[in-house]
Amino acid sequence: MKMLKTSLALAISTTLLFGCGDETTNNYYPEVPKPEVPQPTPVDSKGRIAVFNLSFDRYTYEDLVAEMKLTKPEQDALIKGWQDKTLSDEDNATALKVIQIRNVAAIIQTERPAVIMMAEFNNDGTAENNDAIIGFRLNYLAVSQNSNSFDQDGIQLEPIVFQYFANFATNTGLLNEFGFDLDNDGNAGQLPGDAWGFGNYHGQYAFALMSMYEIDHDNIRTFQKFKWSDMPSATMPTITNCNDSWNPIPEGMECGDDWYTAEEWAEVRLSSKNHVDAPILIPQNDGTTDTIHLLMSHPTPPIFDTGKNKVQNADEVNFWVDYIEGKSYMYDDKGVTGGLADDAKFVVMGDLNADPLKGDGDLTAINALMDHDKVNRLATFGPLAPASLGGPECLALGECKEANWDTPYPGQVTSTSGLRLDHVVPSENLTISDSGVYWPATFEDGRLLMNDERVGNYGNGKDISSDHRMVWIKAEIHN
């Protein structure tokens, strides 16, 4: 900026010196040199398939809708007021949410996936209302964001447009219709613990899909109502976490007791949110289309209780193992039975809340998936496993959870827990050419999208964007 001002002053001085009417000189200002504007490195979206837990959890779905409907001028005014400290407490909180949404949009514009599953994108529970996802597409993704922060510290990114999207119903916050006391706290029929999936309202923690490829809506399969006990390998969860002061055994129960009554076990649903098979149609050069099945879920974390969650998390992952093997027991919400065809192309994707090497979960389930013969293991445990430079720094700087400091593959962690929880697992008949975890290190552009001490209480995690990172693969899917 100083160079620009100096050049302009010199130009004005020169013009005045020689006179505006001198025919031997130009009677206009010399062209002012323009500073070079850095440009983003072009990214080829073709075949990029990503999962991102956006951490867009809100107290109500209506809160998220209101934030997504804010136009860019309204967003700018809120951020300016936040910077000037002139906002009410309510508007200040909204401004911080706008910063978070913009930063998430900037991450998506930077990595430019062609397909993205968005976890923790709240909806109305039934997925009939699309106001939030439409607002996100139009007011944030279709508007240029900044590559490094909300206040123009980086470069302006190219907007991104997803022509197709799908919203999905969820079990979270859906109160069970039988009046069961599913969390055994002595208060039956109360949210959040007595919902089919933990949630303070129906639609909390839902997930959605956006795509540049056509989504085959007619052939989407959902398994929201599939009963856990109908899984042949499932067993009644019992109390196994018996000496945890944070998660005490419920009153009247003992270590080793069944978590559910027989009546509850006969009705309880497997999926804490939903299990979805969404086919996308990939146009080929010969005029035909190829189909890839996106197998999406967001299993419950294997913690926060006395053992039920650990068993459920494992079986939510095991469901996909059985599904890609084409087993016949599962039925979808339309009553159609069976899993995938033997030659089907697929990607299992989601915040699976399961690390194959560390953590509190049942490691056998996630390993059975990631090491399966039907999976492209180059992209799970091989050289194409998604990784970043920011993950190791997070562990080394003590910003990630200290208990996981000794993870064997620090480059592959995907959350501030220091664990590899978010997965994009392609089938063995998909050729993968690239992959990544978007987690800039301190010396890389984009760092302020992850860590910015000016924002919120902590300047990281959900305050600034998310406590999870976008994970992606690039599949060679065009002939």
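Residues are numbered from 1 along each chain as its sequence is written, and side-chain values use heavy atoms, without hydrogens or water. In this predicted model, local features need pLDDT of at least 70 and side-chain atom pairs count only at pLDDT 80 or more, while totals for chains, interfaces and linings use all residues.

**Stop 1: the largest core**

Select F56, M68, I108, I116, M118, F121 and F136. These have the most contacts inside the largest nonpolar core, which has 43 residues. Such a core is a set of buried Ala, Val, Leu, Ile, Met, Phe, Trp, Tyr and Cys residues joined through side-chain atoms within 4.5 Å. Buried means under 20% relative accessible area, exposed means over 50%, and partly exposed lies in between (1.4 Å probe, protein chains only).

Now colour the elements that give two or more residues to this core: β1 (48–53), α2 (61–68), α3 (72–84), α4 (89–111), β2 (115–119), α5 (131–141) and β4 (207–211). Helices (H or I, at least four residues) and strands (E, at least two) are DSSP runs, numbered from the N terminus. Which element gives the most to this core? It is α4, with nine residues.

In soluble globular proteins, nonpolar side chains tend to be buried together.

**Stop 2**

Zoom in on M68. Leaving aside neighbours within four places in sequence, M68 is in contact (heavy atoms within 4.5 Å) with F56, I101, F121, A132, G135, F136, N139 and Y140.

Stay in α2 and select Y61, L64, V65, E67 and M68, which are buried. They lie on the same side of α2, because they cover an arc of only 165 degrees around the axis. The arc is that of the directions from the helix axis to the C-beta atoms. The buried residues of α2 pack against α4 and α5.

**Stop 2**

**Stop 3: a pocket**

Select D57, R58, Y59, A93 and K97. Of the 19 residues that line the second largest pocket, these lie nearest its centre. The pocket has a volume of about 620 Å³. On a 1 Å grid over the protein atoms alone, a pocket is an open set of points with protein on both sides within 12 Å along at least five of seven lines; a cavity is a set where a 1.4 Å probe fits but cannot get out; lining residues have an atom within 4 Å of a point.

Helix α4 supplies the largest share of this lining, seven residues. By class, the lining has four nonpolar, six polar and nine charged residues.

**Stop 4: the cavities**

How many cavities of 30 Å³ or more are there? The count is four.

For the largest, select M370, A379, T380, P386, Q412, T414, R420, D422, H423, V424, V425 and V471. Its volume is about 70 Å³. Strand β10 (residues 422–426) gives the most to this lining, with four residues.

**Stop 5: V425**

Finish on V425, found in strand β10. Is V425 buried or exposed? V425 counts as buried because its relative accessibility is 1%. Leaving aside neighbours within four places in sequence, V425 is in contact with F346, V347, V348, M370, V375 and T380. Then pick W472. It lies 47 residues from V425 along the chain, and their C-alpha atoms are 9.5 Å apart.

Key: Points joined across faces, edges and corners; volume = space filled by probe spheres on them. Nonpolar A, V, L, I, M, F, W, Y, C, P; charged D, E, K, R; others polar.
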